[in-house]
Amino acid sequence: MRKVLLVRYGEVFLKGANRPHFLKILTDNVKRAVKPMGGHVWMSDSHIYVSDVEDMDECVRRVRKVFGLYSVSPAIECEKDLDEIAQHCVEMMKPYSGTFKVFGKRSDKKFPMNSLEFAAELGGRILDANPNLTVDIHKPQHKLHVEVRDKCYICCEEIMAVGGLPMGTGGRAALLLSGGIDSPVAGYNLMKRGVRCCAIHFQSPPYTGELARDKVMQLAKELAEYSGGMRVYLVPFTKCQLEIHEKCPEGLGTLITRRFMMRIAQEIARQYEAQALITGESLGQVASQTMEALCCTDAVVDMPVFRPLIGMDKTEIMEIARNIGTYETSILPYEDCCTVFTPRHPVTRPKLDTMPKAESKLDVEALVREAVENTQMEIVY
């Protein structure tokens, strides 16, 4: 007998002829997640298994964050001997009271009992040993799964995983990561679709300090737990903001700032071989996120801009942030560069054809080039 983690995958089942490719990437991602624990990972009969880990709770925490997985279950692996199986089932159900049901599955057709007979026999032995349990086949409080494959696997707890598609199957994108609540959630949503992301953060010292930078790096680390690592590009943005503040119409300052961010992000994204940009914008949330403003920012780049939060309200975004573990970091009170030189009366309905004139006093290419050339890159895990 040994303890194993039974891992179930979800949407990958729908991939048809491409399924082996997705499963290989998914299995490799599980191996990467448990590598620090020295775990052994293998696939058999439409399941992934993890064994040889001392801390099963930590293994569960790591594996359930692997995109592409539906659920995980701490399980016992034992020989295909009915008495031994029954003994483990009885021990596993000892702490429980209320109603239960045994779900028996016999993939090995050489096993002498069929699935229904197998489940009934185990259920009877559990009832004899635990008077606090009764059988309910329709809505049981506790579900005991017993599967006979190459070995027998027994589990009574199913822990939901993050779902989605395996990381690395959806291409690459660059996430504009601020220190707020929205952008980490936007990145998570695209990562969930198999997109491998780098993060691009704009910093404006001395207006933004080390605490703000540390906050963003922590957010990147929290996202990296789902992806197995993440590159973070730190862009020096002070000069751009000062030039915009001094030479451009005040009401368009935030919008022009966003346009520069998009230009710089696109250049860095190309270095990362990304095919798209990701932002955390939600329609109408602030002045720079109106329909007209978004059209003005998109006009300066020629790669797709994904906005997975565009139709969500703040309450929905905050709930996801709590669920993925970024909320508490995001609300730390350290300002990012988006709050520097905020205009008193920002234009909310800008005209696209007026933007070249508004930026005419700036050497756009030189400012973008200097920012990109002085960008620093770090990798977080």
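This report walks through the nonpolar core, the salt bridges and a charged surface patch of a predicted model.

## The nonpolar core

Start with the inside. The largest nonpolar core has 39 residues, and Phe 202, Ile 256, Phe 260, Ile 264 and Leu 277 touch the most other members. Several elements give two or more residues to this core, among them strands E10 (172-176), E11 (196-203) and E12 (230-236), along with helices H7 (238-247) and H8 (253-271). H8 puts in the largest share, with 9 residues.

## Salt bridges

Searching the whole structure turns up 30 salt bridges. One of them joins Asp 52 to Arg 2, with the closest N and O atoms 3.8 Å apart. That pair ties together distant parts of the chain: Arg 2 sits in strand E1 (residues 2-9) and Asp 52 in the loop between strand E3 (47-51) and H2, 50 residues away. Asp 52 counts as partly exposed because its relative accessibility is 49%, and Arg 2 is partly exposed too, at 30%.

Glu 147 and Arg 149 also pair up, their closest N and O atoms being 2.6 Å apart, and both residues are buried. Over in helix H7, Glu 243 and Lys 247 are 4 residues apart, about one turn of the helix, and their side chains meet in a salt bridge at 2.9 Å, N to O. Here Glu 243 is buried at 17%, whereas Lys 247 is partly exposed at 33%.

There's a network of salt bridges as well, linking Glu 58, Arg 61, Arg 62, Lys 65 and Glu 225.

## A negative patch

On the surface, Glu 54, Asp 55, Asp 57 and Glu 157 gather in a patch of negative charge. Asp 57 belongs to helix H2 (residues 56-63) and counts as exposed, since its relative accessibility is 66%.

Technical notes
Residues are numbered from 1 along each chain as its sequence is written. This is a predicted model: local features need pLDDT of at least 70, side-chain atom pairs count only at pLDDT 80 or more; totals for chains, interfaces and linings use all residues. Side-chain values use heavy atoms; hydrogens and water are left out. Patches are made of residues with over 30% relative accessible area and no salt bridge: like charges are joined within 9 Å, nonpolar side chains (Val, Leu, Ile, Met, Phe, Trp, Tyr) within 5 Å. Accessible areas come from the Shrake-Rupley method with a 1.4 Å probe; for residues, only the protein chains shown count as cover. A salt bridge is a side-chain nitrogen of Lys or Arg within 4 Å of a carboxyl oxygen of Asp or Glu. Lys and Arg count as positive and Asp and Glu as negative; His and the chain ends are not counted. The place of a charge is taken as NZ of Lys, CZ of Arg, CG of Asp or CD of Glu. Buried means under 20% relative accessible area, exposed over 50%, partly exposed in between (1.4 Å probe, protein chains only). A nonpolar core is a set of buried Ala, Val, Leu, Ile, Met, Phe, Trp, Tyr and Cys residues joined through side-chain atoms within 4.5 Å.
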